Amino acid sequence: MSELMLNPWIRALFWGLVMITGVMTVTAWSTWFERKFAGRMQSRMGPTLVGPLGLLQPIADACKLLQKEDLVPDSADRALFNLAPVLTVGFAMGVAAVVPFTPTMLAADLDVGVLWLLALSGLMVFPTWMGSWASNNKYSLIAAMRAVAQGISYEVPMVLAIMVPVIMTGTLSLSDMVADQQKNGWLIYRLPLTGLIAFVIFFLASLAEANRIPFDIPEAESELVAGPTTEYTGMKFGLFYMAEYIHTLLSSAICAAVFFGGWDGPIAPGLHWMLLKSVILFVFLTWVRWSFLRLRSDQLMNLCWKYAVPATLALIPVTAFYTVYAAGKGGV
Amino acid sequence: MSDAWLAALLFFALSVFVGASMVFISWVLRVKARENPPTRTLTYECGETPVGNAWVRFHPRYYLVALVFVVFDVEVAFLFPWAVDVAGAGLAGIAQVFVFVGILLLGWVYALKKGALRWQ
């Protein structure tokens, strides 16, 4: 086994399969969790019928989606229409390659991991646009316009916010970032406390990128039917839905790794801590989703361009000055 | 190409494969309606027959946002090499970044004053 693992191809394939299987499983049951959670918040039971506590619901959903009739509108651009759901899952899942769960348990220890995850989450707007435009549906088109505007706008504060951890730890590799936090304290409370503000902005931006409430303007079901997925049926719709959950889960995992010290923690093994932190952040996201109302388009844009972008631009020099000062003292 | 890049690209290929295989499985397992009236494959427009095409011209405010985005994203791409070694670049490095970001901030203020970021 260990000799086999020395072969880079086999190692990459092994960890790739492990990660993807893990992420897919967690994604499936996160939909169950979200529905149960939403039910409880609204004094309902949530899913109860399929299996104990409705735990087999995701499997039932998958079986249902798989055998639905596959309708493509006559006026749609067939090739792009079919390509979009595949790519959206590909991009959402691809981010998982660089998420470090433990020092050894990560698919690809890229030394530019931050750039990889930013690039892939930036690409997420393409399949959304591709699918919506190709459906040749007016609701989809409006939704796509909103999704792209929102996606690229929030890309800016997201990238600027993650620059704060990069400055503080001096590395672009996510596993090195966690290692640095293990040594010098988590970024969320490390001086000059810019990590905390950067985390809030990064978290908001990743909510916006995943089109989750309170930023679900592209999907606004009360005005746009089902947003970009209006014309999609069966598993192709399911893939868009899955991509949203994968994106949300991985955002929580990335926040846990970058700001909350990843696998760092006492007593229990590192993997437990990493998973615990990710799950707590995911629960928080779900909580936000079922507590808040949707913002308006102009409020969303104002929040991004007039508050989040200047705020992150102010954070960077503060962090930089402190880093230079601390380095001058011989500390950090 | 290093092992990490090999792993990352392989991972990405696997992720796309997962999506593609699910579309393929659903294509194998799907049901098909016996009759196919022409209205079934029309696009949805509240139950009415769709009027015209959806590939139309659109409000320019979205393109303005995209323009401002390009400016900032390029800026960020230039900032990352500095961000990795801030302590090494020292105060001189910060000063240079200030000039660089300052010029861009002027552009941002201009866009703001011109109303490019106002959602009309």
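A cavity is a set of grid points where a 1.4 Å probe fits but cannot get out, and its lining residues have an atom within 4 Å of a point. I keep that at hand for the first entry. The model I am reading is predicted.

**Entry 1**

I looked up the cavities. The count comes to three of 30 Å³ or more. I then turned to the largest cavity, with a volume of about 100 Å³.

Which residues line the largest cavity? I noted A:A92, A:V95, A:L117, A:S121, A:M124 and A:M158, then A:F202, A:S206, A:H247, A:L250, A:S251 and A:I254. I sorted this lining into eight nonpolar and four polar residues, with no charged ones.

Next I asked which helices supply the lining. At least two residues each come from α4 (113-123), α8 and α10 (234-259) of chain A. The largest share belongs to α10(A), with four residues.

**Entry 2: a helix pair**

I stayed with α8 of chain A, residues 194-209, and looked at how it packs with α12 of chain A, residues 297-328. I read an angle of about 155°, and the axes are 10 Å apart. Angles over 145 degrees count as roughly antiparallel, so α8(A) is roughly antiparallel to α12(A). The crossing of the two helices is left-handed.

Where do they touch? On α8(A), I found A:T194, A:I197, A:A198 and A:I201. On α12(A), the contact uses A:A308, A:A311, A:T312, A:L315, A:V318 and A:T319. I put seven of the contact residues down as nonpolar and three as polar; none is charged.

How values were computed: Residues numbered from 1 in each chain as written. Chains lettered and ligands numbered in written order. Predicted model: local features only at pLDDT ≥ 70, side-chain atom pairs only at ≥ 80, totals over all residues. Heavy atoms only, no water. Axes fitted to C-alpha atoms, helices over the stretch in contact; angles between N-to-C directions. Parallel < 35°, antiparallel > 145°, perpendicular 65-115°, else oblique. Left-handed = near helix turned anticlockwise from the far one by under 90°. Contact = heavy atoms within 4.5 Å. Nonpolar A, V, L, I, M, F, W, Y, C, P; charged D, E, K, R; others polar. 1 Å grid on protein atoms, 1.4 Å probe; cavity = no way out; pocket = protein on both sides within 12 Å on 5 of 7 lines; lining within 4 Å. Points joined across faces, edges and corners; volume = space filled by probe spheres on them.
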